[in-house]
Amino acid sequence: MSIKAPRGTYDILPPESFNWHYMERVLTETAELYGYYEIRTPIFEHTELFTRGVGDTTDIVTKEMYSFTDKSERSLTLRPEATATCARALIEHSIYGGAMPVKWYYLGPMFRYDRPQTGRYRQFRQFGVEAFGSDSPYLDAEVIILLIDILNRLGLNNYELHLNSIGCPECRQIYRDKLVAHIRPQADKLCKDCQVRYSKNPLRVLDCKVESCHVAIAGYPYIKDYLCDSCKTHYETVKKVLKDNEVNFLHDDNLVRGLDYYTNTAFEIHIPDIGGQSAIGGGGRYNGLVKACGGPDVPGVGFALGLERILLALTKEKEVLADNSYADVFVIAVGEELEDMSTKLVSKLRKNNIKSDKDYAGRSLKAQMKFANRLGAKIAIIIGEDEINNNYFTVRNMNKGEQSQVANDNIIEHINNILANS
RNA sequence: GUGGGUGUAGCUCAGGUGGCUAGAGCACCAGAUUGUGGCUCUGGGGGUCGUGGGUUCAAGUCCCAUCAUCCACCCCA
């Protein structure tokens, strides 16, 4: 046992994998209800896609990418997120030439080289949606309504939706200048991280958690007061549609995005009490992204959810969310010479779509019963000499502890009956 | 990248200031009940004490290094 899963990766075993199936079903079925359909893209891309599409000053690109050189000296990178990938696919297949908007969802692993902690892994999984080709604020709202619908269907209640508008490059630049002018006299009072933020991306200073930074920048201007008319109208419409559709949100002046191709709506979902990283998802509008990736000027809006973090929140109270029975029926052969019979019966059950299993360890009847119980079997079928000689099966209802003799020919019907009533 | 905690059985963990053959609970296997699970009782298998080095008559225990893991920060999902 010397080789272990690499740092920041982990195995999902049953019954844990049941939770993933359950969650993924809710995610994909809900998305399709809203007209979003799955796009499956490569798990690695040319490194350049992410330096351009994520931003070469972001932490993701500067210190978290899993990049490697292949045998032909190409620089490739395990995808750290999927939005840039979707933009690439949109451009590559000239999807923008057809009917708009195009609405996609994706589900799968992402990779970031980072120190693992609660709810953070080097290989983690995201579900996200992207809608390209419409600048309508109603589409921003749809994406958010979908997100909230998903959380509700999963049974999460204690989340907070934070919402803000970061305007367009034009009005944001005016705001940025105002903000920098406001901070400049206090710049030396900021924490070490904020010193860096101040020069690199001043809007980031706003969501610093250090108390002294808040004090230092007190009275800072809000971006909402600097939005141009068009951006202001866009944001007001998004908020109105959310209210009309009973989605609660908190306007958050400190919610910002770093890069120029992010525009207008920005939102994040927080679950305060999962410990560690409370952000389980986020998204917004990115009207400049497709162009930044080398395509035409196509607007877009979307979100991504961190699935480990969602599961963390979901399993806080109950460990296994889905049906955790490994087999509905367990077939027991008493004595090795009857194993041919149990094998045939298990095959018959399976052909009739009854989830069933049998012993492969040469166990005694008692031990097989115990095993059946542990698998969560609802029914045990016993085949012994008596049964063979008289053409019947002994069927035991494991929950009720009742058992009966069932003629061989009636077995499927009988089992289906019990399962239907359990 | 920065700062802390922890590495002993498959899992959760005991093992004061070093000292006999390293323990418990759970899990697993078997028996009590020779054709019947869950509860109980009895027994059994399973550990190079993360790894390497050092101190010592003697190291699971002390020291150093290293790796792993967990937690937090930066940042993100």
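**Cores, sheet and helix packing**

In this predicted model, the largest nonpolar core holds 46 residues, of which Tyr 36, Phe 127, Phe 303 and Ile 310 touch the most other members. A nonpolar core here is a set of buried Ala, Val, Leu, Ile, Met, Phe, Trp, Tyr and Cys residues joined through side-chain atoms within 4.5 Å, with buried meaning under 20% relative accessible area (1.4 Å probe, protein chains only). Helix H5 (137–154) is among the elements that give two or more residues to this core, and H5 gives the most, with 11 residues. Helices (H or I, at least four residues) and strands (E, at least two) are DSSP runs numbered from the N terminus. Beyond its neighbours within four places in sequence, Ile 310 is in contact (heavy atoms within 4.5 Å) with Met 23, Leu 151, Leu 154, Leu 156, Ile 280 and Leu 305. A second, separate core has 28 residues, including Val 61, Trp 104, Phe 132 and Cys 293.

Turning to the strands, 8 of them form an open sheet with mixed pairing, in the order S1-S5-S6-S11-S10-S9-S7-S8. Two strands pair if DSSP finds at least two bridges between them. Strands S1 (37–38) and S8 (250–251) are the edges, each pairing on one side only. S5 (residues 102–111) and S6 run antiparallel and are joined by 10 bridges; Lys 103 has Ala 131 in S6 as its bridge partner.

Residues are numbered from 1 along each chain as its sequence is written, and chains are lettered from A and ligands numbered from 1 in the order in which they are written. Local features need pLDDT of at least 70, side-chain atom pairs count only at pLDDT 80 or more, and totals for chains, interfaces and linings use all residues, while side-chain values use heavy atoms, leaving out hydrogens and water.

Key:
Buried < 20%, exposed > 50% of the residue type's maximum accessible area, 1.4 Å probe, protein only.
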